[in-house]
Amino acid sequence: MKPTPLPTQTLRISVCICTYQRPRLLRRLLDALPKQLRGSLAFEVSCVVVDNDATRSAESVVSGFCRDTGFAVRYECEPERNFAIVRNRAVDSADGDFIAFVDDDEVPVDSWLLKLIETLHQSGCAGALGPVRPYFEEKVPSWLQRSGLCDRPALPTGTILTWGQCRTGNVLLSRQIFNEGKIRFDPAFRTGGEDVDFFKRATAAGFTFVWCEDAPAYELVPPERMRAAYHLRRALLQGGISLGYDVKSKTLVGRSKVGFKSFLAIIIYTLALPFVCLAGRHRAMQLLVKDCHHLGRLSMLLGMPIMRERKL
């Protein structure tokens, strides 16, 4: 691949943050932005914060940060609770040549944007994704640590990604995807999955995405997410959401095949569970998460979703 051409003038990167009632974590993330290293590249960093809280709870955080640092942040409030609409609002409000997404409960390393833009340029791809690694402020339960449920994949820098490997938790995207490709996040994915669907359509349109292992962001895992119930609810929700982007055929026959596979998986996983429990709670949780994923998918196919909303 040929390197992605960079603007002859100083390029601009807009960091987009979508937030909801996380003032402490938002301020911690904002504080990391002025620390971003430039290396030999000349680029400016600005920020767009889209508050999904109708009470505008993040506005005072943003104004306080701007007052303390003089860093450029544009504040927007999108009251409609829809992940895709919030992300589109962020894209439309950004003025950068490149758009970075990072979640409001994450903190990137100081070389985050530098490594992403270098990898994007060298690869000739339309976007570069970095790893999201967990960190904990409290003691981690042994079963959770051993299960790997909070872990994310690690790949060599330069690996070309499939759409199923792409997320918006830590990514730098060329503006071309939105301007020339006319690709936006689909509001049909109201509670999640909008990013996977976005990358699926972007990949189909000819855009490619690359991995950058050297640009990590660290995601806080609060005590609420260290509980088994959280991971089971999450699997139920994601199982249902995955139907929107993972089912190739929308016909009755196609959906029946998907339903049969999930039904079969539920039976196998459930029957195996008593035996897996002998290997430890961490193994049982790994299997239960897979079981709940298929249960969520099957319940959505039947029009009786068990989980409709994200709790945390």
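Student: Which charged residue lies over the face of Phe101?
Tutor: Arg87 does, at 5.2 Å from the ring centre. Keep in mind that this is a predicted model.

Student: What other ring has an arginine over its face?
Tutor: Tyr20 has Arg81 over its face. The distance to the ring centre is 3.9 Å.

Student: New topic. How many aromatic pairs does a search of the whole structure find?
Tutor: Six. One of them joins Phe101 and Phe185. The ring centres are 5.9 Å apart and the planes stand at 90°. Planes over 60 degrees apart count as edge-to-face, so this pair is edge-to-face.

Student: Where do Phe101 and Phe185 lie?
Tutor: Phe101 is in strand β4, residues 98–102. Phe185 is in the loop between α6 (176–179) and α7 (194–204). The pair therefore ties together parts that are 84 residues apart in sequence.

Student: Is Phe101 buried or exposed?
Tutor: Buried, at 1% relative accessibility. Phe185 is buried too, with a relative accessible area of 1%.

Student: And what about Phe178 and Phe198, how are they arranged?
Tutor: They form a stacked aromatic pair. The distance is 5.6 Å centre to centre, with 25° between the planes.

Student: Which helices do Phe178 and Phe198 lie in?
Tutor: Phe178 lies in helix α6 and Phe198 in helix α7. So this pair ties together parts that are 20 residues apart in sequence. Both residues are buried.

Student: Which residues do ring pairs link into a cluster?
Tutor: Phe101, Phe178, Phe185, Phe198, Phe199 and Phe209.

Conventions
Residues are numbered from 1 along each chain as its sequence is written. This is a predicted model: local features need pLDDT of at least 70, side-chain atom pairs count only at pLDDT 80 or more; totals for chains, interfaces and linings use all residues. Side-chain values use heavy atoms; hydrogens and water are left out. Rings of Phe, Tyr and Trp (its six-membered ring) pair if their centres lie within 6.5 Å; planes under 30 degrees apart count as stacked, over 60 as edge-to-face and the rest as tilted. Helices (H or I, at least four residues) and strands (E, at least two) are DSSP runs, numbered from the N terminus. Buried means under 20% relative accessible area, exposed over 50%, partly exposed in between (1.4 Å probe, protein chains only). A charge sits over a ring if NZ of Lys or CZ of Arg is within 6 Å of the ring centre and within 35 degrees of the ring normal.
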